[in-house]
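Here are my notes on this one, in numbered points. Have the model open while you read.

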Amino acid sequence: MKSEYNRPIRILVVDDQETNLKVVGEILGQFGFDIVLAGDGDQALRRLEHQAVDLVLLDVLMPGHDGFEVCRLIRAQPRWADIPVIFLSAADDKDLIVRALEVGGVDYVTKPFNRAELMSRVRTHLALKAARDHLRQLAEDKDELLGILAHDLKNHLGGMQMSVQLLHDRAATHHDERLDRITANVLHSTEQMFSFVREFLANSAAERDAPLNLQPVGLNQAVAAAVQQYAETARRKEMTLLQETGPEVAVLADREALSQVIDNLISNAIKFSEPGKTVRLGVEPAVAGGAVLRVQDEGPGFSEDDKSRMFRRYCRLSARPTAGEPSTGLGLSIVSKLVHAMGGELHCQSAQGHGATFLVSLPGPAIRAS
């Protein structure tokens with residue numbers, strides 16, 4: 001039998017009784033498996049360091065590290081975490097079986113071994129592992145393909161948006177109402193597609209759990225940069241974007257991720273508020289250290305049903321953009337992922353018809369040393 005790496009399927013058998021190693025090795029060897037033997041937990045971990053295995057058969061009671069501890073150590077290593085571990089024991093004790101499953105075992109076989117049962121369990125979990133590996137590879141291939149397509153679309157849409165904007169501006173100077181209407185429609189559609197692609201890429205990046213560069217960041221300074229970026233957008237919609245200034249407070253955050261969080265919250269506040277309204281942003285020191293960012297709008301607010309679904313991907317809520325702005329249903333999902341990845345918390349205070357306030361709590365730099 002071949003593994004996904006085009007080599008014989010390799011099974012690590014761990015038992016402090018040489019007789020058991022011999023019996024299990026002979027049973028599995030007859031079916032073409034590559035067998036690796038270990039007489040105790042430490043030896044098993046050394047075997048794993050030097051050889052890739054597809055499944056582990058692990059005795060429960062051994063001197064030194066017992067089977068439970070060895071399984072915990074295997075699960076603690078990302079490179080080994082997906083290897084199925086089947087426990088072997090002469091004790092048919094329900095408490096031991098429960099404990100074995102709790103530490104990460106996938107199955108439990110009692111001694112003396114029934115040949116047919118042992119092979120059935122081994123084949124089942126090897127098949128399940130192969131299916132999981134295949135699905136994971138398909139998901140990675142899909143994400144990679146969509147990422148490439150989205151990046152290419154982003155580049156093309158950026159150029160298209162710029163060209164259509166020039167045409168729209170030229171149409172306005174020629175006072176051609178029909179051309180002005182056509183270019184306005186194309187520009188609006190392009191902006192919607194561009195917005196979706198940007199947020200799709202941002203969501204994909206957040207889901208990949210890429211390591212963040214956490215460092216001390218001035219939260220007021222980050223808010224000021226975002227307010228400046230959205231000043232023209234707010235002006236065009238006749239809205240007031242107000243930053244309530246205060247002493248600078250440092251938080252432990254990834255600069256790019258923090259900027260994306262603030263951008264999305266401001267963008268949503270402007271997008272779903274009527275012209276003439278005010279969006280307020282404030283930063284307050286947190287009692288336990290760090291700071292709390294407050295983004296408050298005067299929009300339609302959220303229903304209880306909205307609040308139960310607002311952080312799901314592609315979720316459309318009851319509110320709609322008030323000036324035809326694009327909405328993908330990804331913004332709040334991205335905010336939630338990034339805030340939690342930075343060790344923070346995100347809360348929404350809202351009642352339908354009375355606006356919404358988003359509170360982002362982030363730890364202070366001192367947390368890093370703990």
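1. Helices (H or I, at least four residues) and strands (E, at least two) are DSSP runs, numbered from the N terminus.

2. On provenance: this is a predicted model, where local features need pLDDT of at least 70, side-chain atom pairs count only at pLDDT 80 or more, and totals for chains, interfaces and linings use all residues. Residues are numbered from 1 along each chain as its sequence is written, and side-chain values use heavy atoms, with hydrogens and water left out.

3. Take α1 (residues 18–29) first. Its buried residues are Asn20, Leu21, Val24, Gly25, Ile27 and Leu28. They sit on the same side of α1, because they cover an arc of only 165° around the axis (the arc being that of the directions from the helix axis to the C-beta atoms). Glu18, Thr19 and Lys22 are exposed on the other side.

4. Val56 is buried, at a relative accessible area of 1%. Val14 is 42 residues away along the chain, yet the two C-alpha atoms are separated by 7.6 Å.

5. Now the sheet: five strands, ordered β7-β9-β10-β12-β11, form an open sheet with mixed pairing. Strands count as paired if DSSP finds at least two bridges between them. The edges are β7 (240–244) and β11, each pairing on one side only. β7 and β9 run parallel and are joined by five bridges; Leu242 has Arg280 in β9 as its bridge partner.

6. The largest nonpolar core has 42 residues, and Ile262, Ile266, Leu281 and Phe358 have the most contacts inside it. By nonpolar core I mean a set of buried Ala, Val, Leu, Ile, Met, Phe, Trp, Tyr and Cys residues joined through side-chain atoms within 4.5 Å. Among the elements giving two or more residues to this core are α7 (219–229), β9 (278–285) and β12 (356–362). The largest share, eight residues, comes from α9.

7. Leu281 is worth a click: the residues it touches, not counting those up to four places away in sequence, include Val223, Val227, Ile262, Ile266 and Val295. A second, separate core of 25 residues includes Val53, Cys71, Ile97 and Val103.

Note on methods
Buried means under 20% relative accessible area, exposed over 50%, partly exposed in between (1.4 Å probe, protein chains only). Contact means heavy atoms within 4.5 Å.
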